[in-house]
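Student: I would like a close look at one part of this model, the sheet. Please take me through its strands, their pairing and the contacts of their side chains.

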Amino acid sequence: MMPLSFADAGAENTIKKIGGSAETKKHLENLGFVVGGTITVITETGGNVIVNVKDARIAVSKEMASKIMV
């Protein structure tokens with residue numbers, strides 16, 4: 001298990017755990033980041049990680065990406 005911020009671009013990963021406060025977890029869940037969900041890192045740009053989640057392209061900060069374990 002590793003933080004999403006360390007995942008290789010183009011590789012499909014499964015979300016294993018989401019850390020942080022209850023508010024952070026709820027925010028990520030609303031964006032489609034749920035345990036067991038599939039996520040693919042597209043690229044890392046300017047401190048943000050751009051990912052595909054549920055057929056949507058979303059940018060999350062490196063700090064937020066470090067709370068998502070894959």
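Tutor: Start with a term: buried means under 20% relative accessible area, exposed means over 50%, and partly exposed lies in between (1.4 Å probe, protein chains only). Strands here are DSSP runs of E with at least two residues, helices are runs of H or I with at least four, and both are numbered from the N terminus. The model is predicted: local features need pLDDT of at least 70, side-chain atom pairs count only at pLDDT 80 or more, and totals for chains, interfaces and linings use all residues. Residues are numbered from 1 along each chain as its sequence is written, and side-chain values use heavy atoms, with hydrogens and water left out.

Look at strand S4, residues 48-53. Its side chains alternate. Val49, Val51 and Val53 point to one face and are buried.

Now the neighbours. Two strands pair if DSSP finds at least two bridges between them. S4 is joined to S3 by six bridges, and the two run antiparallel. Across that pairing, Thr40 stands opposite Asn52 of S4. S4 also pairs with S5 over six bridges, again in the antiparallel sense. There, Val51 has Ile58 of S5 as its bridge partner.

Step back to the whole sheet. It is open, with four strands in the order S1-S3-S4-S5 and antiparallel pairing. Strand S1 (12-14) and strand S5 (56-61) are the edges, each pairing on one side only.

Finish on S3, residues 38-45. Thr45 lies in this strand and counts as partly exposed because its relative accessibility is 44%. Glu44 makes a salt bridge (a side-chain nitrogen of Lys or Arg within 4 Å of a carboxyl oxygen of Asp or Glu). Its partner is Lys62, at 2.5 Å, N to O. Glu44 lies in strand S3 and Lys62 in helix H2 (residues 62-65), so the pair ties together parts that are 18 residues apart in sequence. Glu44 is partly exposed, at 44% relative accessible area. Lys62 is partly exposed too, at 34% relative accessibility.
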